[in-house]
Amino acid sequence: MKIAPHPHGPDRWPNLFIAGVPKSGTRSLTNALSAHTQVYVPVRHQPRFFADLGLDRRWAGFFDVVQREDEYLALFRGRDEAQYRCDASPEYVFSAEAMRRIRAVEPAAKAIVVLRDPVERAYSHYLNDVREGLEKRTFPQAIREQLSGVDSQRWPSHYVRYGHYGQALQDASAIFKENLHVVFFEELTSDSDAVLRGVADFLSLDFEGFGARGLGHLNEAALPRGEIARHLLGSPFFRRLARALTPRRARPSMRRLFVSRKSVPAIDPQAHRLLVGEYAGEANAVAAILGRRPAWRNFAED
């Protein structure tokens with residue numbers, strides 16, 4: 001991707017990034033930020049412009065990826081009155097190259113990363129793919145295959161990889177320096193106001209500007225309503241057709257025709273053991289970088 005920065009032209013780059021990590025409450029945090037009077041979040045809030053997801057054409061309908069620079073900049077056009085223009089693409093933190101590209105076009109850019117207990121994050125990611133009709137394996141089977149390096153799934157999910165925070169966080173800290181802010185999913189669920197006050201301080205924003213600050217449901221699961229719904233959701237053709245025919249604001253209502261919300265089922269014990277072993281030391285790695293230890297129940301004693 002070749003990017004030519006032009007900060008003084010008619011278009012301006014975003015200067016705030018919710019850079020990670022997937023399935024850790026980033027959407028809820030983005031929703032809260034979008035309510036602030038000094039933050040603009042476009043409807044296409046996860047454009048993934050700076051990321052290289054390595055997706056082939058079949059899967060374009062599953063991600064709302066913006067590849068053209070002019071199309072990307074147009075998302076933020078005419079929003080100069082906002083102190084921050086926000087791109088909330090949660091894959092950025094796992095690509096040092098993407099983060100360097102961001103700083104190259106907007107040296108003053110700020111980034112927020114939300115981290116979650118990596119075992120629970122992986123399971124939430126798996127349930128998300130089940131809901132989307134993309135995943136037919138059991139959770140233990142999917143984890144064993146990813147740990148072995150032989151993943152039979154056509155869909156390029158990263159249940160295991162996206163839970164390795166140490167290197168990603170080290171890269172983000174080196175690239176963004178004091179312009180990086182990290183919060184924990186567990187704090188979002190237990191004391192969202194405190195988290196938002198910390199975010200407001202980091203961004204030098206008035207906390208009262210958040211207005212109605214509810215973060216919504218942070219840990220709900222949803223599954224396809226049946227085999228027909230699962231098949232359609234997992235079809236690249238159907239996804240492309242639905243995107244072409246359904247107005248963006250009507251898509252949430254359409255999705256409710258295919259999925260229903262349920263309580264989160266318990267994680268399989270075998271998969272739990274595999275992941276706890278895989279992520280041993282992650283909490284310590286995060287603590288060494290941030291100077292504070294995350295309250296992750298699966299790693300309370302490591």
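Predicted model: local features only at pLDDT ≥ 70, side-chain atom pairs only at ≥ 80, totals over all residues.
Local features were considered at pLDDT of at least 70 and side-chain atom pairs only at pLDDT 80 or more, whereas totals for chains, interfaces and linings use all residues. Residues are numbered from 1 along each chain as its sequence is written, and side-chain values use heavy atoms, with hydrogens and water left out.

Helix α3 (residues 96–105) packs with helix α6 (residues 165–176) at an angle of about 15°, the axes lying 10 Å apart; helices are DSSP runs of H or I of at least four residues, and strands are runs of E of at least two. Axes are lines fitted to C-alpha atoms over the stretch in contact, with angles from 0 to 180 degrees between N-to-C directions. The two helices are therefore roughly parallel (angles under 35 degrees). Contacts (heavy atoms within 4.5 Å) involve A96, M99, R100, I102 and R103 of α3 and A168, D171, A172, I175 and F176 of α6.

The largest nonpolar core comprises 54 residues, and those with the most contacts inside it are F50, Y72, Y92, V93 and L115. A second, separate core contains 24 residues, including I18, A32, F185 and A200. Such a core is a set of buried Ala, Val, Leu, Ile, Met, Phe, Trp, Tyr and Cys residues joined through side-chain atoms within 4.5 Å.

H45 is located in the loop between β2 (39–40) and α2 (69–74). With a relative accessible area of 17%, H45 is buried (under 20%, 1.4 Å probe, protein chains only). Beyond residues up to four places away in sequence, H45 touches R27, T30, D87, A88 and S89.

Terms used. Buried < 20%, exposed > 50% of the residue type's maximum accessible area, 1.4 Å probe, protein only. Parallel < 35°, antiparallel > 145°, perpendicular 65-115°, else oblique.
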